[in-house]
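Please work through the following exercises with the sequence and structure in view. Each task is followed by its solution.

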Amino acid sequence: MKKIPCLFAAAAALLVITSMPVLAEDPLRVDVEKLGQIKFAAPENPTERKYLGLAGSGEFKLTDVQGKYIIIEVFSMYCPICQREAPKVNKVHGLIAKNSAHSETVKLVGIGTGNTPFEVDVFRRKYSVPFPLFPDDNFLIQRVFSQQVKTPTFIIVKNLGKKGLELVDLRVGPLDSAETFSKNLPLAP
Amino acid sequence: MGTLDRRPLIAGLLAVLALMLYLPAASAVADVLDYCIYNPGQLKPTDSGTRIKVGDPAPDFKLTDLSGESVTLSQYRGKKNVVISFVPAAWTPICSQQWPGYNIAKDIFEQNEAVLLGISVDNVPTLYAWTQQMGKLWFPVLSDFWPHGAVAAKYGVLRQDGVSERALFVIDKKGVIRYIDVHDINIMPRLEDLAKELSRLEK
């Protein structure tokens, strides 16, 4: 019977050893200064330009968006998880719009990493995405992360305008639910 | 006797350990494609040499789809344009996203009276498990496993290591090849390039 504690100790040691690669893995980091410097083509759709508070066409940065907080979904048209999540993310947009505390202050945008304008448009039409989506065929968004980013990933930033962006939250993977995500947005009033 | 008595305990502990290690992955089915992908690193862009040219008759073939049905190229003759998408291997980057991308672009194929045939040299069980994570695919997925890579070889896109190139062939209703893209295996072919070629076909 004395050997039983030894077996448990051995099992515990094995568990620790096998968990080490996970524990040693670097957490994903995002450089919001770089994120704030990326230039996107302003949406052609006037409703989307109005939503973002952009005066005209041409290029813009996220810091130009008229919104205190910006939720950025990094997705790919080719990613099956993003495809499954699309209705849920659309619902997040709807819930934000319905919430009087958030509707004017929180903006939601999507960045299609590695996607061309054509590919982003396929995704937009397929899922009737009601918020602005931007192509990123040169993988510029990947450069703001400390490691290759999985899709979908959600970056929530506070928009300080000319002072840049401030990271509020970073979430990788599918959302639990649109309601939970919207309800628990870590935004100061 | 003592050794015999400990076996169930050891087996139980190992089972618990295995469960603890794999439970997170098993419980997140949606993430399987992210966590189960084998990354082979950067590969030689192409590793074969097809002699097939645009304007040639497309070689016919007969392969099995995931439901066990036989699919031939010639069954579409006179009825549909055909896009053949060879992908190198299941559970690898790019491949695991290329077909899900086509899966939401069905209208582009339909507008051009085209069907899509996805072909890989993997066997049926592997392809079945892999494609389950992609959602319900509207196009047949065909196994070119045995004789290994025979159709890929016929089209000149079997690489030296036994996987196929990442290649697209567009075949018109007359069975003539109208477009060939033996793509850099490390890079996703652009959807608009394929859409443009499809739009040129006679409807």
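**Exercise 1.** State what share of the residues of chain A count as buried.

*Solution.* A residue is buried if 20 or more other C-beta atoms, placed from the backbone, lie within 10 Å of its own. By this criterion, 35% of the 189 residues of chain A count as buried. This is a predicted model, in which local features need pLDDT of at least 70 and side-chain atom pairs count only at pLDDT 80 or more, while totals for chains, interfaces and linings use all residues. Residues are numbered from 1 along each chain as its sequence is written, and chains are lettered from A in the order in which they are written.

**Exercise 2.** Determine the order of the strands in the open sheet of chain B, and its edges.

*Solution.* Strands are DSSP runs of E with at least two residues, and helices are runs of H or I with at least four. Two strands pair if DSSP finds at least two bridges between them. The seven strands then follow the order β2-β1-β5-β4-β3-β6-β7 (chain B), with mixed pairing. At the edges lie β2 (70-72) and β7 (177-183) of chain B, each pairing on one side only.

**Exercise 3.** Describe how β6 (residues 166-171) of chain B pairs with β7(B).

*Solution.* The two strands are antiparallel and share six bridges. Within β7(B), Asp181(B) stands opposite Leu168(B).

**Exercise 4.** Identify the buried residues of helix α5 (residues 124-132) of chain B and their arrangement.

*Solution.* The buried residues are Leu127(B), Trp130(B) and Thr131(B). Seen down the axis of α5(B), they fall within an arc of 90° (taken from the directions from the helix axis to the C-beta atoms), so they line one face of the helix.

Notes. A residue is buried if 20 or more other C-beta atoms lie within 10 Å of its own, exposed if 12 or fewer, and partly exposed in between; C-beta atoms are placed from the backbone.
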